[in-house]
Amino acid sequence: MGFYLNKEQMNDVLRAMREDGHLKVCAPKTVKRRGKKTEEIRYGEVKDFGEIVYDKKSDYGPKELIYPISQTLLYFRGTEVEVKELDDERDMLIFARPCDINAIARLDNIFMNNGGQAEMYYARLREKARFIMIECTQSFETCFCVSMGSNKTEDYAAAVRFTEDGVYIDVKDESLKAYFEAGEEAAFKPEYVTENLKNVQVPDIPDRSYLKDIVLLDYWKQYDERCILCGGCNTTCPTCSCFDTNDITYDETSLEGERRRVWSSCMLNSYTVMAGGHGVRQSAAQNTRFKTLHKIYDYKARFGENNMCVGCGRCDMKCPKDIKFSETISGLAAEVEKLKEQRSKGGEA
């Protein structure tokens, strides 16, 4: 069922949802960078329709609403353990583009379908989240979602098209329709972007027998000089799931404290350091290789679905050394085709 609502009516909707007490609306909004005077676009609760930034790409996706940057998992007091309760029990209605909704689906596989048992801390927030899909028909400069097959989704409670004066909204979730019935009925079905400004060639790796040759490619060496291992690409990535777990005691002699899960990055050399000081990967080239294969081969091999990267292009925006992950993917695709050609000719890869 479709409706058209003007800005005032949408503010009435947000107010009604807030006053019901069991639902909060989250969307990309402009916020101050921590410790800086500049601004960025990231996800948070919105109470006014005018707060929603719909005409620019957000610097971060909605991931942190479901998988927080820093999350207390439990408290310990001597030998007693208490699971941390949620600070906010309300359900979340999240405005998000198709690529970001698809990104959350990738995280669902990692945290909930990876080993036969859902990870409870992720699952209890994920179960509270529904999406209002932001119609996205025009590509931003760094997007390559079409190449990654993540430009479309049907996984939404409602879909919305922003206009200068209001929104068209298609409501699929019956429990939400009452909020929008004050609007004018209007036929609306969302459309999707079909062509990006950037086209990316995804490597076609036939089977695992190619991996050893790919690992040994000279192609990766360029990143030892280009990448500074800041981890910024992982931080903005909506599908990265790596974390560290830290036990925090409240003072030096205390038996009381808490266990926290904090985002980490496979692009940090410290990430693979084990007890005794040995690091499994010890260079920018090795880290870049691991990240790239994880995004465009390992995930798909594991879950039999799409690649992990959704082509949002935020990593391309974030890198201080102007490394384009989109170009890394296409570059590897060219190298894989060379390997195939060598094999077809009977040569050594």
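Author: Helices and strands are DSSP runs, numbered from the N terminus: a helix is a run of H or I with at least four residues, a strand a run of E with at least two. The model is predicted, so that local features need pLDDT of at least 70 and side-chain atom pairs count only at pLDDT 80 or more, while totals for chains, interfaces and linings use all residues. Residues are numbered from 1 along each chain as its sequence is written, and side-chain values use heavy atoms, with hydrogens and water left out.

Strand β4 (residues 70-77) is joined to β5 by four bridges, and the two run antiparallel. Within this pairing, Phe76 has Val81 of β5 as its bridge partner.

Between β12 (256-263) and α10 lies a loop that contains Ser264. Ser264 is buried, because its relative accessible area is 15%; buried means under 20%, exposed over 50% and partly exposed in between, with a 1.4 Å probe and protein chains only. Apart from residues up to four places away in sequence, Ser264 touches Cys242, Phe243, Asp244 and Tyr271, contact being heavy atoms within 4.5 Å.

Helix α10 covers residues 284-303, and its 20 residues should span 28 Å at 1.5 Å a residue; the end C-alpha atoms are 27 Å apart, which agrees. That expected span is 1.5 Å times one less than the number of residues. At His294, α10 bends by about 55 degrees, the bend being the angle between axes fitted to the seven residues ending there and the seven starting there.

Leu229, at about 60 degrees, is located in the loop between α8 (222-226) and α9 (232-236) and is buried, with a relative accessible area of 19%. Asp322, also at about 60 degrees, belongs to the loop between α11 (314-318) and α12 (325-344) and is partly exposed, at 47%.

Two strand residues complete the account. Tyr168, in strand β9 (residues 166-171), is partly exposed, with a relative accessible area of 28%. Its C-alpha is 6.6 Å from that of Phe188, 20 residues apart in sequence. Beyond four places in sequence, the contacts of Tyr168 include Phe3, Tyr4, Arg161 and Phe188. Ala158, in strand β8 (residues 158-162), is buried, at 0% relative accessibility. Leaving out residues up to four places away, Ala158 touches Phe131, Ile132, Met133, Ile169, Asp170, Val171 and Lys172. Ala158 and Asp48, 110 residues apart in sequence, have their C-alpha atoms 19 Å apart.

How values were computed: Pairing = 2+ DSSP bridges.
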